[in-house]
Amino acid sequence: MRVGLLLLTALACAGSAPTTGASPARVPRDRPAASALKAPVPTCGARRGSQRGPGPRRVRPIPPLPKPETAAENQALTWAPVTQTSGPIELWGVPDGMDGFVVCDALSRPMMIERLALTSRLRSPAGQPVKVAGTLTRDANGTGAFAPSRVVARARATLAGPIPRLKEIASAVAQVDLGPLSHPSYAQATSEQCRSPQWTSEVTQALLSSPAHQTAVSPDGRLLVAVLRGPRMPPGKGIVFRYLQVCVVFDLRRWSVTNLLVDVEGWVEE
């Protein structure tokens, strides 16, 4: 009996003790703390299912943009066969909405892009990277045709919306002097345009207002290339057309920019 009275007395004293001071207030086990009642706020880069408790989630730091690479005029990319394989194959590519299946080698210089003609309809939205099982054939000139049989997988990431970090990309690209990369006839005028005070805003507005006019994905489905067109370059009129061209390479697994390749795209219309 004496032991029981002592225990009750101790419990009563503990319950009446002030909650301010060095000892923090205790939360009963059958009622969660107020902070635990709030749903965790999703954070960029955190994986689904990685939350183990009410504490703060890890935020993967955003890596800095890579320094833009440069290439001479019309040398950043080329249309060429990307894979020499023929016969049955499972291949990643991007349907272009015009009976074409576009693949690329984003690591080669120049970058290689190939459009394979689809011999039958592919039930997949244009612009979304997909892995397709089918048969690849080539004619005597090396032109490829792809007969799809089924869609094996679809990429979760797509460029249906705005390109991530586009303002940062534009700012980095605007620091490049395209004059030394240009055709000698337009080198000086191109440098003057790139050094003009309004050049950064012109690049930003052009890249923000025009979507990627070409997208392709590597055969393994890891790297996606988006080709963007910037402002028109000198001479700016007549039958000579020259534009800033930016090739942005994304890692689809991390959804991050891995490369920026810049040149001038030029042609003559007669």
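**Close-up views of a predicted model**

**View 1. Arginine 229 and the ring of tyrosine 243.** In this view arginine 229 lies over the face of tyrosine 243, 5.4 Å from the ring centre (a charge sits over a ring if NZ of Lys or CZ of Arg is within 6 Å of the ring centre and within 35 degrees of the ring normal). Tyrosine 243 is buried, with a relative accessible area of 19%, where buried means under 20% relative accessible area, exposed over 50% and partly exposed in between (1.4 Å probe, protein chains only). The structure is a predicted model, in which local features need pLDDT of at least 70 and side-chain atom pairs count only at pLDDT 80 or more, while totals for chains, interfaces and linings use all residues. Residues are numbered from 1 along each chain as its sequence is written, and side-chain values use heavy atoms, with hydrogens and water left out.

**View 2. The aromatic pair of phenylalanine 101 and phenylalanine 146.** Four aromatic pairs are found in a search of the whole structure; rings of Phe, Tyr and Trp (its six-membered ring) pair if their centres lie within 6.5 Å, and planes under 30 degrees apart count as stacked, over 60 as edge-to-face and the rest as tilted. The ring centres of phenylalanine 101 and phenylalanine 146 are 5.4 Å apart and their planes lie at 20°, so this pair is stacked. Because phenylalanine 101 belongs to strand S4 (residues 100-105) and phenylalanine 146 to strand S7 (residues 144-154), the pair ties together parts that are 45 residues apart in sequence; helices (H or I, at least four residues) and strands (E, at least two) are DSSP runs, numbered from the N terminus. Both phenylalanine 101 and phenylalanine 146 are buried.

**View 3. The aromatic pair of tyrosine 243 and tryptophan 267.** Tyrosine 243 and tryptophan 267 also form a stacked pair, with 5.8 Å from centre to centre and 20° between the planes. This pair links distant parts of the chain, since tyrosine 243 is in strand S10 (residues 240-251) and tryptophan 267 in strand S11 (residues 256-268), 24 residues apart. Tryptophan 267 counts as partly exposed, at 28% relative accessibility, and ring pairs link Phe241, Tyr243 and Trp267 into a cluster.

**View 4. Helix H4 and its packing.** Trp199, Val203, Thr204, Ala206 and Leu207 are the buried residues of helix H4 (residues 199-209), and they pack against helix H2 (166-173), helix H3 (187-194), strand S9 (223-232) and S10. Leu166, Lys167 and Ala170 of H2 make the contact with Val203, Thr204, Leu207 and Leu208 of H4, where contact means heavy atoms within 4.5 Å.
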